[in-house]
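Here is my note on the model. Please read it with the structure open.

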Amino acid sequence: MAASGSRSCLQYLFHLAHDNLDFRLPEIKALLALRSKPFHPCESFKEQSPFWCLDHLSEEDVCTVMARSVCAKSAFELWGHGQTHSELRTSLLNYPQEKMSPYMQKGSSYRINVDTFNKTLSFEERIKKIDAMDYLPFEGTVSLKDPQHIFCLLEDYGMDPNIVPEQPNYIYFCRWIADGQRELIRSYSVKNRHFIGNTSMDAGLSFIMANHAKVKENDLVFDPFVGTGSLLVSCSHFGAYVCGTDIDYNTIHGKGRSSRKNQKWRGPDENIRANLRQYKTENMYVDVMVSDASKPVWRNAALFDAIITDPPYGIRESTRRTGSHKDKTKSPDGLYAESHVPVSQAYHLSDIFTDLLNFSAHHLVLGGRLVYWLPVYRPEYCEEMVPLHPCLQLISNCEQTLSSHTCRRLITMEKIKEPEDLDSLAHLSDPRFSPYQGHNAFREKYFSGLNKRSGKDDTKADVSGK
Ligand SMILES: C[S@@+](CC[C@H](N)C(=O)[O-])C[C@H]1O[C@@H](n2cnc3c(N)ncnc32)[C@H](O)[C@@H]1O
C-alpha cells in the first residue's frame with residue numbers, strides 16, 4: 001500500500017488474529033455479505049498479513065462485522081500509514097483536518113496505544129513512539145483509564161519470527177472503532193460446558209462456522225450430526241433457532257458414559273438443551289431427535305436457512321447408518337413395525353457427503369448455506385476431491401491441519417437453484433467422482449499414518465477434538 005496523499009473516502013484497518021489463518025477471509029467476506037457489502041481491499045492486500053485495509057465501508061458496517069468476528073481482533077479508522085515514521089507523518093498531515101478534528105477537540109479525552117506484530121517493545125520504547133506523534137494537533141487531555149477516543153499506532157515487523165527487523169516494515173496510525181469477539185473463545189470454551197462429548201467442536205471454530213454460514217437472527221439452523229450440539233450453541237448465540245439429529249440415542253438423551261475425566265456416567269440434565277440454557281439461549285432451542293442422516297425424515301421442502309455440521313469420520317466415533325445388507329426387517333410396504341430396532345451398517349464417507357449435499361440442495365432455502373468439515377489425507381489431496389452439487393456453489397474451502405498427513409477442510413457452499421430430477425445423481429457422471437471416493441479410506445490412512453509418525457502429531461489431532 002503506497003502511503004497516500006489526501007483521501008476522499010474513509011479506509012478501515014482490520015487487525016486480524018494470527019491463528020486460523022485460512023478461515024479469516026471467508027469469515028470477513030461472509031459478515032460483509034450479511035450487510036450486502038463487497039470485500040474491497042486496498043492495493044497490495046496480503047491475505048496472510050495481520051493487517052487488512054478495506055475500502056467502501058461505513059463505520060456501521062465495521063461495527064456489525066466486529067460484533068460477530070472471532071478472526072478479527074480490532075478495527076480502526078485509518079488516518080495515516082507508511083513504510084517509515086517519516087512517511088507516516090506525511091500521510092497523517094495529509095489526512096483531512098475535518099475528519100480528525102471531531103476527535104481531538106478541547107474538552108475531550110484520549111489515549112494512544114502502541115500495538116506491534118512480531119516484536120515486543122519495552123514500556124519506554126512505547127512511550128517514546130507516542131511522544132514522537134506530538135505533531136498531531138490533539139487539544140484534549142490524556143486519560144489512560146476512561147478515554148472518549150482511543151488511537152492506535154500499529155507496527156508490523158513482518159511474519160517471520162526468526163527474522164525480526166530493527167525497524168517495522170509498515171506503520172499505521174488509526175482511530176479505534178471496535179474489538180472483535182475473541183472473548184467468546186474463552187467464555188464458550190468446551191472446558192466449562194455443561195454437556196460435552198469426545199468430539200465436541202471447539203468454541204472458536206463453532207463461531208467461525210456460524211459466521212461462514214451467514215447465520216443471522218431468526219434463522220432456522222439444522223445440524224444432521226448434532227452430537228453434543230456445539231454448533232447449535234454458536235448459532236443460537238447469534239440469534240438463530242436451532243435443531244439437530246443424531247443416530248446415537250445416548251447423545252441425544254444425554255445418557256451413558258461421561259467424557260469427563262473424573263466422572264463415569266453423565267449426570268441428570270446433561271443434554272443439548274441444558275447447554276443452551278447455560279448460555280441463556282434456551283429460547284432458541286427447537287429440538288433434537290434420534291435419526292439417521294442417511295434416511296429421509298423431513299417433508300420435501302426448503303426448511304432451513306443454514307445447515308452446519310461436523311459429520312463423523314470414524315476416528316473417535318463410528319460412521320454407521322441404520323439398515324442391514326439384506327434389509328429383511330422391512331415389511332413389504334416398506335414400513336417398520338413399531339417395535340423395530342434397526343441394525344446398522346457401515347456408512348461410507350463418500351456416501352455421507354453425497355447424502356449431505358443432496359439433503360442440503362433439497363432442504364436449504366435459496367441463498368442458504370451448508371458449512372461442513374471434510375476429512376482429508378493430505379498427501380493425496382487435490383481440489384477435485386471436494387464434492388460438488390449442481391444446486392450448491394462452492395464459496396470457500398479452508399484447511400485446518402491435524403497432523404503432518406491429515407487435515408480437515410471447512411467447506412462452505414451456497415444454494416443457488418432448486419434441485420431437478422437428475423441433480424441428485426450428478427456426482428456419478430462427474431469425472432471427479434473417483435478421487436472423491438478416496439475419502440472412504442480416510443480412517444485406514446489416518447491410522448496407518450499414526451503408526452509411521454512420531455507421537456507429536458498425535459497431540460495436534462487431539463486438540464482439534466477428533
Ligand atoms: C463428529 S460428531 C459431531 C460432534 C458435534 N459437532 C459436537 O459438537 O458434539 C459426529 C456425530 O455424528 C453422529 N452420527 C454418526 N452416524 C450418523 C448417522 N448415520 N446419522 C446421524 N448421526 C450420525 C455420531 O453419533 C456423532 O455424534
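1. Two helices first. The crossing of α1 and α7 is left-handed; that word applies if the near helix is turned anticlockwise from the far one by less than a right angle, with right-handed used if clockwise. Helices (H or I, at least four residues) and strands (E, at least two) are DSSP runs, numbered from the N terminus.

2. Basis. This is a predicted model: local features need pLDDT of at least 70, side-chain atom pairs count only at pLDDT 80 or more, and totals for chains, interfaces and linings use all residues. Residues are numbered from 1 along each chain as its sequence is written.

3. Geometry. Helix α1 covers residues 21-33 and helix α7 residues 203-212; they pack at about 45°, with axes 8 Å apart. That makes α1 oblique to α7. Angles under 35 degrees count as roughly parallel, over 145 as roughly antiparallel, 65 to 115 as roughly perpendicular and the rest as oblique. Axes are lines fitted to C-alpha atoms, for helices over the stretch in contact, and angles run from 0 to 180 degrees between N-to-C directions.

4. Who touches whom. From α1 come Phe23, Pro26, Glu27, Ala30 and Leu31; from α7, Ile208, Asn211 and His212. The residues of this contact divide into five nonpolar, two polar and one charged. Contact requires C-beta atoms, placed from the backbone, within 7 Å. Ala, Val, Leu, Ile, Met, Phe, Trp, Tyr, Cys and Pro count as nonpolar, Asp, Glu, Lys and Arg as charged, and the others, Gly among them, as polar.

5. Burial of α7. Here 10 of the 10 residues are buried, so α7 is largely enclosed by the rest of the structure. Buried means 20 or more other C-beta atoms within 10 Å of a residue's own, exposed 12 or fewer, and partly exposed in between; C-beta atoms are placed from the backbone. Just after α7, lysine 214 takes a positive phi of about 55°.

6. Helix α8. This helix is mostly covered, with eight of its eight residues buried. Those buried residues pack against α7, β8 (220-223), β9, α10 (272-278) and β11 (304-309). Glycine 239 follows α8 and has a positive phi, near 90°.

7. Ligand shell. The ligand is surrounded by 24 residues, the closest being Phe225, Gly227, Thr228, Ser230 and Ala293. A residue is near a molecule if its C-beta atom, placed from the backbone, lies within 6 Å of it. At least two shell residues each come from α8 (230-237), β9 (241-246) and β12 (320-322). The shell divides into seven nonpolar, 10 polar and seven charged.

Terms used
Contact = placed C-beta atoms within 7 Å.
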